[in-house]
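Subject: Structure handover

Hi,

Here is the structure I promised to pass on to you. My notes on what turned up in it follow below.

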Amino acid sequence: MMNKFGTIGILLSSAIWLNAQTSDNINRNKFKQLKSELATPTAYRNAAGSPGHEYYQNLANYLMDIELDEEKQTLTGKETITYKNNSPDQLSYLWVQLDQNIRSKTSDSKKIRNSNFDRLTSIGQLSSLHNDFDGGFKIERVADASGKKIDYTINKTMMRIELQKPLAPGKSFTFKIDWWYNINRRTGFGTRSGYEFFESDSNSLYGIAQFYPRMCVYNETEGWQNKQFLGRGEFALPFGDFQVNITVPADHIVASTGKLQNGSKVLSKNQLNRLNKAKKSDSPIFIVTKDEAAANAKDKSNKKKTWTFKAKNVRDFAFASSRKFIWDAQNVKLNSKNVLAMSFYPDEGNPIWQRYSTRAVAHTLRCYSKYTFDYPYPVAISVNMAKIGMEYPMICFNFGRVESDSTYSAKTKYGMISVIIHEVGHNYFPMIVNSDERQWTWMDEGLNTFLQYLTEQEWERNYPSRRGPAHKIADYMAGSKDFISPIMTNSESIHQFGNNAYGKPATALNILRETVMGRELFDYAFKQYAQQWMFKHPTPADFFRVMEDASGIDLDWFWRGWFYSTDHVDIGIKDVKLFSIDLENPKNKSDKLKEEHSQSPVHVGQTRNKTAIPETVMERHPELRDFYNKFDPLDATILDQKEYEEYVAKLTEGERKLLEKGGNYYQIDFENVGGLVMPLILEFSFEDGTKQEQRIPAEIWKLNNFKVSKIFFFDKKIASISLDPHLETADTDFSNNHWPRKHVPSRFELFKANQNPEDNPMRRAKRILKK
C-alpha cells in the first residue's frame, strides 16, 4: 500500500521484489525437481538413495598363476574364474574385459586419437604416431572347470564367453583362461601399466595392472557393462576373492594387492623380523633398506621366486615388482582395526619418499576413515613410479622424483604428497564404494578429490591445494561453453577432463559443505552415502538422493545447475537504493524541500538573465500579479497539516515505536549474469567501521532466475557492501560484487603477483651453504 506520506507498508517488510518477467525461458528449470533426469526408484535402489530390499550384485573369484619374464618383457598368466550369478536373470553368456587389448596394433584408441600439426611440439609426440607396439592379449585357451574347450568371441577389448546352457540365478560357473602379452615400456606412452627402465643400472621397475581378463559387471541399470575401453573411461568391476601366485626374478621385491601369504619363503629372516616390528610401530620401519636394494640392483639373480597374495572382497588386483625397491612400513590404528601402511620406492625417490610417503598413506587412512568408514583392508601401499598417479585395491602407483643433487622443488614435494593422498584415497572411491567409472568418472574422481582437499588441509595448515576451494574453478567455469561439458557426461566425451571430472565436482561438494548445507549436515549425509554403498555399486541418482534424504535439504536445484548444466556463477549487485522512514510532517517536509531547492543547480540562462534583462513585464506592472505569483508549491498548507495529523492518529503503538526508532532501509537489486543460482553471501561495512554478514539461501531465485531485489534494515549507515566476500561460491567476476564499485585485480594481475621466480629454492640454498 502506498500513500502520500511515504511507503511504510512496503518499508516495514523485507519482501523480495521480483522483476515482472514471465518468460518460461527465464523461470523454468533452475528449481525444477530432477524427476525426469533420475531413474525411477525400484526394489533394487529405493527413493532414499539406498540399496533396495532386492538389491543384488554378482561375484567373481580368481585363482591366478602369473609369471613375469624380465628378459623377454612378457607377462604370462593362467587364471581360473568362478562367477556367481546373484541376479534374478538367466545369463546366456558372460562378458570379460580384455583391457590390455587397448595396446594391440588394431586398437580403436589409436584410430580415434585426434592429431594435428599444431599439437606436434616434440619428437616424442611425433614418435607416438609411429607406435606399432603389439601389447594386446594373446589368448591361448578358454576352457571350463573340467578342461573342456569353451567357445568365445573377442570384440576388441571385450570377450564374450558363450555358455552351453544359461547360468541360472544363484548358480556359479567356473572357467579357465590362459594368456600372455608383451609388457610395454611406460616412457613416452603415459600408460597405467608397464615398466620403467633405469639406464644408470640397467634395471626395471614394473607396475602391472589391468593385466588379466576381468569380469564385467552385470546389474539392473546397465545389463552387462561391456562398453569398450578406449582409455579414459576406466573400470567397472564386480567384487570377489583373489589368490594370486606371482613368479618374478628371485631378487625382486613385490608389492601387491592383498596380504602376503609366504613371507618366510620370499623374505630374509631380518626382513621378516622388521616387517613384524613395523606392524607395531607408529612410525616407518625399513623392511628392505637402501643398502639391500642397492645390492639387489647390482647383483642380478637368474633364479625365480613365487610370491603368494590373497585378497578378500576386492574388485581388482595389481602389483609392482623390482630389485630396486626400498620398502618401509608402519602401523595405522583406526577405530576398529590396525592397518599396515607401506611404501616401495627406488633410491631415485629419496630423500623425499622415505620422509613423506608412508606417513602420507597413514594420514590418508585416518582422515578418509573419519569422513566415511574405517578402511577395511589389511594393507595400503604407495609405489613410486615416474609420471603416474594410478590406483588399485590396497596399492597405488605415484610420481615424485628428486633432482640429481637430491633437492626438490615445492611443486615436487606437494605434488607427491597430493598424489599419494589422492591415489590411496581411491581405495574408498571407487575400490569400495564401487561406482561405474566407465560411465561416470566424477563419481570416484570428484568425490575423491573433495576428500583429498580435506585431507591436505589436515596435513599442513594452508596447504597449497590445487583443487577444492571455490575460487580455483572459476576460470574454467567462465570459459567458452564450446569446450566445457556438464559433469553428467560420459567419461569418454568430456572436454577438459581434469577440470570437469576432478575439479568441478570436488568444488561443488566443498560448496555444499561450507555454504549450502553446512559441515554438520553435509558430513552426516556424505558418511551415510559411503557406508550404505560400501562394497556395492552406486549410481549418480543414489548419491543425489542419499545427500538429500539424510540431510533434509532439497538439493535438486544444486545438482541441476552444477552437474547437469554448464552455467557459471556470476552474480552481481546491480543497484542499491536508500530509504528512510519519514511520515513527511508537512512543515518539516516544506523546510527540507526549500533547503534542497536552494542548493540545487541553476541553469546558466537564469544567472545571465539577471543582468541581461534589466526589467520584466511583471516588475513594471505589479498590478498583474495573481495567486500564482505569490503561491510557493513548497509551502505546507492547512489541508496538508490536517491530513497528516489524521494519519498519525490512526497509527498503532508498534508503528509509532518503529517511527521513533528511525533507521536506514536499503533495497539491493541483484542480477544473475552467469545463470547458476547460488546463495547470496553479503558483508555490510558501516560508517562506524563495524561489519555484519548476512546469508540468503539460493531459493531467493526460485521465482525469477535472473533478477531479484531485497530490502535490508540497519540502524547504522552503510559505507560499502561486498557480495561473496569469502570466495565461497565460485563467482567468476568480482568487478560487480561491490557497492560502491571498486577496482578488482584481474586474474592475470594476481597470477603475475604470485609467480615464484625460483622453481627450486632448496637447490639454491644448498649451493649457498656449500660456499
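In these notes, a residue is buried when its relative accessible area is under 20%, exposed when it is over 50%, and partly exposed in between, using a 1.4 Å probe and protein chains only. Please keep in mind that this is a predicted model, in which local features need pLDDT of at least 70 and side-chain atom pairs count only at pLDDT 80 or more, while totals for chains, interfaces and linings use all residues. Residues are numbered from 1 along each chain as its sequence is written, and side-chain values use heavy atoms, with hydrogens and water left out.

Aromatic pairs and charges over rings

Rings of Phe, Tyr and Trp (its six-membered ring) pair if their centres lie within 6.5 Å; planes under 30 degrees apart are stacked, over 60 edge-to-face, and the rest tilted. The whole structure contains 57 such aromatic pairs. One of them is Phe429 with Phe526, which counts as tilted because the ring centres are 5.8 Å apart and the planes stand at 50°. This pair links distant parts of the chain, 97 residues apart: Phe429 is in the loop between α9 (410-425) and α10 (442-459), and Phe526 is in helix α13 (residues 519-533). Helices here are DSSP runs of H or I with at least four residues, strands are runs of E with at least two, and both are numbered from the N terminus. Phe429 has a relative accessible area of 1%, so this residue is buried; Phe526, also with 1%, is buried.

Trp559 and Phe563 make an edge-to-face pair, with 5.4 Å from centre to centre and 75° between the planes. They are separated by about one helical turn because they lie four residues apart in helix α15 (residues 556-563). Trp559 is buried at 0% relative accessible area, and Phe563 is buried at 0%.

The charged end of Lys138 is over the ring of Trp180, 5.3 Å from its centre. Arg214 has its charged end over the ring of Phe235, at 4.5 Å from the centre.

Backbone points to check

Most residues other than glycine have a negative phi, and most peptide bonds are trans. Phe429 comes up again here: the peptide bond from Phe429 to Pro430 is cis, with omega near 15°. A cis peptide bond also joins Trp739 and Pro740, with omega about -10°, and Pro740 is in the loop between β31 (738-739) and α22 (747-754).

As for phi, Asn462 has a positive value near 60° and is found in the loop between α10 and α11 (474-477). With 69% relative accessibility, Asn462 counts as exposed. Ala730 has a positive phi of about 65° and belongs to the loop between β30 (718-723) and β31. With 1% relative accessibility, Ala730 counts as buried.

Cavities and a pocket

The search used a 1 Å grid over the protein atoms alone: a cavity is a set of points where a 1.4 Å probe fits but cannot get out, a pocket is an open set with protein on both sides within 12 Å along at least five of seven lines, and lining residues have an atom within 4 Å of a point. Grid points are joined across faces, edges and corners, and a volume is the space filled by probe spheres set on the points.

There are three cavities of 30 Å³ or more. The largest holds about 80 Å³, and its lining includes Asp99, Arg103, Arg192 and Phe229. For residue classes, Ala, Val, Leu, Ile, Met, Phe, Trp, Tyr, Cys and Pro are nonpolar, Asp, Glu, Lys and Arg are charged, and the others, Gly among them, are polar. On that basis the largest cavity is lined by three nonpolar, three polar and three charged residues. The second largest cavity has about 50 Å³, with seven nonpolar, one polar and two charged residues in the lining.

The second largest pocket has about 440 Å³ of space. Of its 30 lining residues, Ala39, Thr221, Trp440, Thr539 and Pro540 lie nearest the centre. Helix α14 (residues 540-551) gives the most to this lining, with four residues.

Best wishes

Conventions. Lys NZ or Arg CZ within 6 Å of the ring centre and 35° of its normal.
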